[in-house]
Amino acid sequence: MTEVTSDAAETRLRRSPLHERHTALGAKFAPFGGWQMPLEYAGGGVLKEHTAVREGVGVFDVSHLGKIRVTGPGAADFVNACLTNDLGRITPGQAQYTLCCDDATGGVVDDIIAYLHADDHVFLVPNAANTAEVARRLRAAAPEGVTVTDEHEAYAVLAVQGPRSAELLDALGLPTGHDYMSFSTAGLDGVELTVCRTGYTGELGYELVVASEHAVAVWDAIFAAADDVRACGLAARDTLRTEMGYPLHGQDLSPEITPVQGRSGWAVGWDKAAFWGRDALRAEKAAGPARTLRGLTAVDRAIPRPGMAVYAGDRQVGTVTSGTFSPTLKHGVALALVDTDPKLPDGDELEVDIRGRRARMRLTRPPFVKPSVR
C-alpha cells in the first residue's frame, strides 16, 4: 500500500462520508481502489487495532467497497447465470461469497458478496477498484427488464468486528441474532440500515450498510455506545484477513489467477448450466492447475511480502502474493502461488528470498488463526 503524497493526486481520490471523523481521530490516509481511506489511527496503530478486533471490538469504515443493485423480473436468475456461486443454494435474507470471472479465461475479475433480497432484487458488494467494470459487464449481458445500477457512493459501510461486536450492537438496539452470512433491515434513531452478519476479519462481526448522508450519525452512535470501541484502519483489516488466509483481489486472485489456482473452487457452482468462465474453469479443474495458492508460516525471523520469490532448493517454485507479520502468532505468515509440479505437501519447508537473504518457511494450510465468525 503506497500513500498518495501529491495534492493533485489526493484531489482525484474519492472520500468517505466519514472523512472528517477520521481526520479528527488523527488518521493516516492511503489510497484504496481510488478512495482516500484511513490506514491507521493516532494512538492506535496496526497492532492495537488488530488486537482490539481479536479480543474486543473494532470499527472499520469500508465505504470504499462497491455497491451494485440488480433489479427486475428474473434478476436473481440473471446474476446466477453470470457469477460463479449458486444463488439457488440460499434464500432471500442471506448473503453469498461469489466471483465474477472472465468468460474466456476464467480469471477473476473480482470477488463479490451477493445479498439476495428477492427473486427480482440482488445487492452486490464488489471491491472498490473493480466496481465499474463489474457493473459494465453485468449491464452488457442484462436481458430486457433487468436494471443494473452502480450505487458506489450512495451508501456507506461500517464493519463492526470482534467478539464483543454483538454486545455493542445490542446496546444500540440493532439485531444481532441472525445467522452468519445473513442480513436484516433495522432502524437506528430514525435511520434505516441493513445489518449484515458478514466481515473480513475471521471474528464475529457485522457490516452496517447505510445511506451516505446518515453515515456520520451512525458512526457517532456506535462510539457513544461504548467507551472501549476502537476505530480501526485498513492496515489492520489486511493483517486480520491474512491470518485467516482470506484472498485479496489483485494479489491472491486476479484476472491472471483463476478460482482453481486460488483455491476458491468452493465458491463455484460447478454443476450450474451457465456462469462466466464455466468452460475454461471446468477444463482447468479437470486437467489440474499448474500452480495453487498455498500458505506459508515463517520458521526464521522474517516477514514475507508480496512479490518475493519462493524456492525449493535452487529452484524457484512460486511467488508470495500476500505476506505480513501476524500480530496474533508473533511471526510471519503468507499466501503464495506455488507450482504443483513437483508436488509439495503441507509441512514441507521452502525458502523465501527476502532482499537477497533466504528465510525458511513451512507450507501450512490456512487459516493460520482459528476463525471465530460464528
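## Exercises on a predicted model

**Exercise 1. A pocket and its lining**

Describe the second largest pocket of this predicted model by volume, lining residues and contributing elements.

*Solution.* 
1. The volume of the second largest pocket is about 240 Å³.
2. Its lining comprises 14 residues, and those nearest the centre of the pocket are Arg 69, Tyr 155, Glu 192, Thr 194 and Val 209.
3. Two or more lining residues are given by each of the strands β7 (108-118), β11 (183-188), β12 (191-196) and β13 (205-211).
4. Strand β12 supplies the largest share of the lining, with 4 residues.
5. Sorted by class, the lining of this pocket consists of 9 nonpolar, 3 polar and 2 charged residues.

**Exercise 2. The packing of α3 and α8**

Determine how helix α3 is oriented relative to helix α8, and which residues form their contact.

*Solution.* 
1. Helix α3 spans residues 45-55 and helix α8 spans residues 234-244.
2. The two helices pack at an angle of about 55°, and their axes are 8 Å apart.
3. An angle from 65 to 115 degrees would count as roughly perpendicular and one under 35 degrees as roughly parallel; the angle here therefore makes α3 oblique to α8.
4. The crossing of α3 past α8 is right-handed.
5. On the α3 side, the contact involves Val 46, Glu 49, His 50, Val 53 and Arg 54. On the α8 side, it involves Ala 235, Ala 236, Thr 239, Leu 240, Glu 243 and Met 244.
6. By class, the residues of this contact between α3 and α8 comprise 6 nonpolar, 2 polar and 3 charged.

**Exercise 3. A positive phi**

What is the phi of Met 181, and where is this residue placed?

*Solution.* 
1. Met 181 is not a glycine, yet its phi is positive, at about 60°.
2. Met 181 is found in the loop between α6 (165-171) and β11.

Methods: Residues numbered from 1 in each chain as written. Predicted model: local features only at pLDDT ≥ 70, side-chain atom pairs only at ≥ 80, totals over all residues. Heavy atoms only, no water. Axes fitted to C-alpha atoms, helices over the stretch in contact; angles between N-to-C directions. Parallel < 35°, antiparallel > 145°, perpendicular 65-115°, else oblique. Left-handed = near helix turned anticlockwise from the far one by under 90°. Contact = heavy atoms within 4.5 Å. Nonpolar A, V, L, I, M, F, W, Y, C, P; charged D, E, K, R; others polar. 1 Å grid on protein atoms, 1.4 Å probe; cavity = no way out; pocket = protein on both sides within 12 Å on 5 of 7 lines; lining within 4 Å. Points joined across faces, edges and corners; volume = space filled by probe spheres on them.
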